[in-house]
Amino acid sequence: MQIQVGIVGAGPAGLMLSHLLHQHGVDSVVIDTRSREEIEGTIRAGVLEQSSVDLMTETGVGDRVRQLGMVHEGIELRFCGRGHRIDFTDLTGGRGVTIYPQHEVLKDLIAKRLADGGDIRFGVSGVQVKGITGDAPTIGFTQDGVEQELTCGLVAGCDGSRTMTRYLIPSPEPRQDHFRQYPFAWFGILAEAPRSSDELIYAHHRNGFALISTRSATVQRHYLQVEPNDNVHDWSDDRIWQELRTRVDGAEIKEGPIFSKSVLPFRSFVCEPMQHGRLFLAGDAAHTVPPTGAKGMNLAIADVHVLSRAMTRFFAAGVRTALDAYTDTALPRVWRAQHFSWWMTSMLHRMPEASGFDLNRQIAELDTVTRSRAGRTLLAENYVGTPFD
Ligand code: PHB
């Protein structure tokens with residue numbers, strides 16, 4: 001089978017790319033090793049920047065996010081027993097973020113692709129990508145026991161942080177992997193409880209960071225900074241609520257039965273370049289950000305916004321200029337998001353062996369940021385995200 005773009009991975013990057021390409025008349029096939037049920041049923045966080053919601057709306061997949069998404073016009077930073085609101089609307093000229101879980105975005109994109117006659121192959125195995133430095137790369141895989149091969153004009157590697165496509169770019173030349181490991185992890189819970197706060201609370205405490213978030217009016221999502229090798233079994237429900245209350249220091253926390261506990265990986269990663277021959281990486285296959293900045297899904301969408309245009313120009317006019325410039329166009333935003341996520345992380349988390357100096361320096365930094373309009377604006381502009389164009 002011949003197609004214009006073969007897309008490995010049906011996550012936010014792969015599905016959004018396929019959707020945007022379709023809008024421009026470019027055909028694609030998306031393959032994924034997971035079943036549709038698994039993809040739609042894996043509950044993930046979702047904080048969408050204004051530009052991500054705008055792009056979904058403009059391209060006809062924005063109905064549910066506008067109906068069900070919760071628009072947040074600010075966040076609260078808490079330290080030393082006090083809350084400090086960062087008012088996005090006021091500081092960014094009316095922009096905000098929308099809380100809308102990733103699996104809901106995926107459901108919307110899958111439904112739209114299928115309604116538009118799109119080709120998504122779920123549950124494939126034995127994926128092999130070949131010939132990316134030639135003129136006609138291929139993607140081989142097995143589906144329902146039948147071996148298949150797609151001959152592609154271009155290949156998109158959108159297979160997430162457990163990517164195989166990234167490793168098709170030879171290392172150490174040209175591929176350089178930039179890694180940052182953090183000496184802690186996030187412990188996340190889901191609880192059946194009413195909302196504790198109308199807005200997300202990012203709390204600094206000498207015991208470590210805590211985040212109060214939400215999934216719906218009846219399901220809440222909270223996180224605690226823990227040791228990287230902490231086990232969920234070390235954390236009884238009582239200990240969790242106790243520690244959350246201690247760390248938010250004065251904000252009210254509404255408790256309820258906890259029905260999910262998990263420890264999240266926490267790292268920063270960028271692969272450079274994001275392309276090789278006819279292979280183009282997008283989303284977590286190319287970079288990972290720690291969750292503190294709430295940037296992951298937005299970066300995937302921003303990547304494919306750039307990539308879909310470059311691919312469209314390639315097929316429409318046969319020019320590679322925009323494709324060749326993909327990495328240089330996409331990377332500055334990736335690094336800005338890396339910096340923002342790292343900054344939020346370093347400002348709010350307890351480092352191992354933190355001294356009184358370290359702790360007080362962090363408090364002074366939070367004080368500097370929250371007391372000045374310029375400081376709050378810097379945080380707000382980065383949190384709501386810069387426009388795509
Ligand atoms: C979440 O709701 O899971 C969430 C929200 C904001 C973050 C990270 C995670 O920065």
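This is a predicted model: local features need pLDDT of at least 70, side-chain atom pairs count only at pLDDT 80 or more; totals for chains, interfaces and linings use all residues.
**Stop 1: the two cis prolines**

Pro-273 sits in the loop that runs between strand S18 (267–272) and strand S19 (275–276). The peptide bond joining Glu-272 and Pro-273 is cis, with omega at about 0°.

Move to Pro-174 next. Its loop lies between strand S11 (146–157) and strand S12 (176–181). Show Glu-173 as well, and check the bond between Glu-173 and Pro-174. That bond is cis, with omega about 0°. For context, most peptide bonds are trans.

**Stop 2**

Most residues other than glycine have a negative phi. Two residues here are worth a look against that background.

Select Ala-294. Its phi is near 55°, a positive value in a residue other than glycine. Look for Ala-294 in the loop between strand S21 (287–288) and helix H8 (296–317). Is Ala-294 buried or exposed? Ala-294 has a relative accessible area of 15%. That is under the 20% cut-off, so Ala-294 counts as buried.

Now select Glu-353. Glu-353 is not a glycine, yet its phi is positive, at about 60°. This residue belongs to the loop between helix H10 (326–348) and H11. Glu-353 has a relative accessible area of 76% and is exposed.

**Stop 3: the two domains**

Zoom out and colour by domain. The domain assignment gives domain 1 as 2–70 + 97–179 + 267–346. Domain 2 is given as 182–266 + 351–384.

Then select the contacts across the boundary. On the domain 1 side, 24 residues take part. They are in contact with 22 residues of domain 2.

**Stop 4: the ligand**

Select the shell. There are 13 residues around the ligand. The closest are Tyr-202, Ser-213, Arg-215, Tyr-223 and Pro-291. By class, the shell holds nine nonpolar residues, two polar and two charged.

Now go through the polar distances:

- Tyr-202: a polar side-chain atom lies 2.7 Å from an oxygen atom of the ligand.
- Arg-215: an N or O atom of the side chain is 2.9 Å from a ligand oxygen.
- Thr-292: here a backbone N or O atom lies 3.5 Å from an oxygen atom of the ligand.

How much of the ligand's accessible area does the protein cover? On its own, the ligand has 280 Å² of accessible area, and the protein covers 97% of that. Next, show strand S15 (210–214) and strand S16 (219–226). These are the elements that give two or more residues to the shell.

**Stop 5: Gly-188**

Select Gly-188, in strand S13 (residues 185–192). Its relative accessibility is 0%, so Gly-188 counts as buried. Set aside residues up to four places away in sequence. Gly-188 then touches Arg-221, His-222, Tyr-223, Ser-260, Lys-261 and Ser-262.

Asp-324 is 136 residues from Gly-188 along the chain, and their C-alpha atoms are separated by 40 Å.

**Stop 6: Gln-362**

Go to helix H11 (residues 356–371) and pick Gln-362. Gln-362 has a relative accessible area of 4% and is buried. Leave out its neighbours within four places in sequence. The contacts of Gln-362 are then His-204, Ser-346, Met-347, Leu-348 and His-349.

**Stop 7: Ile-110**

Finish at helix H6 (residues 102–115), which holds Ile-110. Ile-110 has 0% relative accessibility and counts as buried. Which residues is Ile-110 in contact with, leaving aside its neighbours within four places in sequence? They are Leu-15, Arg-36, Ile-39, Glu-40, Ile-120 and Phe-122.

One last distance. Ile-110 and Arg-34 are 76 residues apart along the chain, and 13 Å separates their C-alpha atoms.

Note on methods. Residues are numbered from 1 along each chain as its sequence is written. Side-chain values use heavy atoms; hydrogens and water are left out. A residue is near a molecule or strand if one of its heavy atoms lies within 4 Å of it. A polar contact is a pair of N or O atoms within 3.5 Å; within protein, one must be able to donate a hydrogen and the other to accept it, and residues adjacent in sequence count only if both atoms are side-chain atoms. Accessible areas come from the Shrake-Rupley method with a 1.4 Å probe; for residues, only the protein chains shown count as cover. Helices (H or I, at least four residues) and strands (E, at least two) are DSSP runs, numbered from the N terminus. Ala, Val, Leu, Ile, Met, Phe, Trp, Tyr, Cys and Pro count as nonpolar, Asp, Glu, Lys and Arg as charged, and the others, Gly among them, as polar. Buried means under 20% relative accessible area, exposed over 50%, partly exposed in between (1.4 Å probe, protein chains only). Contact means heavy atoms within 4.5 Å. Domain bounds come from an automatic or database domain assignment.
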